[in-house]
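Please keep the sequence and the three-dimensional view at hand while reading.

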Amino acid sequence: MSKPNLAALSGAGVSIWLDDLSRERLTSGNLDELIRDWNVVGVTTNPTIFAGALSKGESYDEQVRELANRGADTEATIREVTTTDVRNACDKFRDIYNSTNGVDGRVSIEVDPRLAFDTDKTVAEAQDLWKTVDRPNLLVKIPATEAGLPAITKTIAEGISVNVTLIFSTERYQAVMDAYIAGLEQAKANGHDLRSIHSVASFFVSRVDTEIDKRLDAIGTDEAKALRGKAALANAWIAYGAFEKTFQGARWEALKADGANAQRPLWASTGVKDPSYSPTLYVDQLVVADVVNTMPEKTLHAVADAGKIAGDTVTGRAAEGQEVFDQLAAVGIDLEDVFKVLETEGVEKFEKSWEELLETVTNQLAQLKG
């Protein structure tokens, strides 16, 4: 049964992707239902999602037992298990991928987060994941660290579609868009069909408010407290303004004439962390055509139940966002430091999840062998 709020969000041009994947979701019919009735047209994964999926239930036991008996090590088992889930999800979304000319029906898988500061190893891992999953609707996730930027260019130049993750500041986002365009120019020189290359740029939302609100509370003045819950949306609005400026002009038009696709903004981390905020805040206020909003299932349900989808809430608000940033700076928020902390923490969180994944799988291999 269709959900009117989700249908309205899709109708406004927002692609709804689910920020979660597990074997149980794939085999129980849950993902099929979300595709059929909940307007879900893509899935994103990350190391934290896989760590959670593998630590719960028994849905992976059969495959892990088989791999254990074949003598597979922990790393090989993780690769086999996660790429199996992603490949099967790609197959479930294949019709959407075909009907949207590759825009949606996408499933993302992340390179090993321990490679976030090594350009060449990131590129090699992206190529390996692309070949292993072997589905055209895959997106390989590469973090937007400084080492990740040239990796994005090199991976796109090989004709591989990319989801750039862990973007927090508009400055870094601009560098990501530039890296994508440079990659397309190289892909064209390498003889790739630009129409087949797609990319999204995952701009993290709620974590910005979490970090800045904490700092505003520490400052403690009335002016500071009045700015709580405003930074994340302001940041996203400024970012969208940068997106609009970047994908126009002579350099972009030359690529577009050859069939190049703009790198769509993807609003990530859209689950609300502060219970005093509306659970649909980072959806209702980020509605604009040709973007993606990847939501945890809790947020998806909140939007279906109580979302206030009232047309475009983003276009033309970059200046409003900049005013908020000016006010934040005036009360003593060091925005450059905020974004640096968020990127460092973002990589560290995924590394920690990867270590948890390694530990879980090592234990499962030992228990299930024989």
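A polar contact is a pair of N or O atoms within 3.5 Å; within protein, one atom must be able to donate a hydrogen and the other to accept it. The side chains of Asn-30 and Arg-25 are joined by such a contact, at 2.6 Å. The model is predicted.

- Asn-30 belongs to helix H3.
- Is Asn-30 buried or exposed? Its relative accessible area is 19%, and buried means under 20%, so Asn-30 counts as buried.
- When neighbours within four places in sequence are set aside, Asn-30 is in contact with Arg-25 and Glu-297.

**Helix H4**

- Helix H4 spans residues 47-55 and is mostly covered, with 7 of its 9 residues buried.
- The buried residues in H4 are Pro-47, Ile-49, Phe-50, Ala-51, Gly-52, Ala-53 and Leu-54.
- Against which elements do the buried residues of H4 pack? They pack against helix H6 (74-92), strand E3 (106-110) and helix H18 (335-368).
- The N-terminal end of H4 is capped by Asn-46, which has a side-chain oxygen 2.9 Å from the backbone nitrogen of Thr-48.
- Gly-57 follows H4 and has a positive phi, near 70 degrees.
- Glu-24 is found in helix H2.

- The volume of the largest pocket is about 650 Å³.
- The lining of the largest pocket consists of 32 residues, and those nearest its centre are Asp-19, Asp-20, Asn-46, Thr-48 and Ile-49.
- Which elements each supply at least two residues of this lining? They are helix H2 (23-27), H4, E5, E6, strand E7 (264-268) and H18.
- H4 provides the largest share of the lining of the largest pocket, namely 4 residues.
- The structure also holds 1 cavity of 30 Å³ or more, and the volume of the largest cavity is about 30 Å³.
- The residues that line the largest cavity are Glu-110, Val-111, Pro-113, Ala-116, Pro-143, Leu-166, Val-347 and Phe-350.

**Aromatic rings**

- How many aromatic pairs does the structure hold? There are 8.
- Phe-168 and Phe-204 form a tilted aromatic pair, 5.3 Å centre to centre, with 50 degrees between the planes.
- This pair links distant parts of the chain: Phe-168 is in the loop between strand E5 (162-167) and helix H10 (170-189), whereas Phe-204 is in strand E6 (residues 199-204), and the two are 36 residues apart.
- Phe-168 and Phe-204 are both buried.
- Why is the pair of Phe-247 and Trp-252 edge-to-face? The ring centres are 4.8 Å apart and the planes stand at 90 degrees; an angle over 60 degrees counts as edge-to-face, so the pair receives that description.
- Phe-247 and Trp-252 are both buried.
- One aromatic cluster is formed by Tyr-180, Tyr-240, Phe-243, Phe-247 and Trp-252.
- The ring of Trp-237 has the charged end of Arg-317 sitting over it, 3.7 Å from the ring centre.

- Most residues other than glycine have a negative phi.
- Asn-39 is not a glycine, yet its phi is positive, at about 60 degrees.
- Asn-39 is located in the loop between helix H3 (30-37) and strand E2 (40-43).
- Asn-101, likewise not a glycine, has a positive phi of about 55 degrees.
- Asn-101 is placed in the loop between helix H7 (94-99) and E3.
- Is Asn-101 buried or exposed? With a relative accessibility of 67%, it is over the 50% cut-off, so Asn-101 counts as exposed.

Terms used
Residues are numbered from 1 along each chain as its sequence is written. This is a predicted model: local features need pLDDT of at least 70, side-chain atom pairs count only at pLDDT 80 or more; totals for chains, interfaces and linings use all residues. Side-chain values use heavy atoms; hydrogens and water are left out. Rings of Phe, Tyr and Trp (its six-membered ring) pair if their centres lie within 6.5 Å; planes under 30 degrees apart count as stacked, over 60 as edge-to-face and the rest as tilted. Buried means under 20% relative accessible area, exposed over 50%, partly exposed in between (1.4 Å probe, protein chains only). A charge sits over a ring if NZ of Lys or CZ of Arg is within 6 Å of the ring centre and within 35 degrees of the ring normal. Contact means heavy atoms within 4.5 Å. On a 1 Å grid over the protein atoms alone, a cavity is a set of points where a 1.4 Å probe fits but cannot get out, and a pocket is an open set with protein on both sides within 12 Å along at least five of seven lines; lining residues have an atom within 4 Å of a point. Grid points are joined across faces, edges and corners, and a volume is the space filled by probe spheres set on the points.
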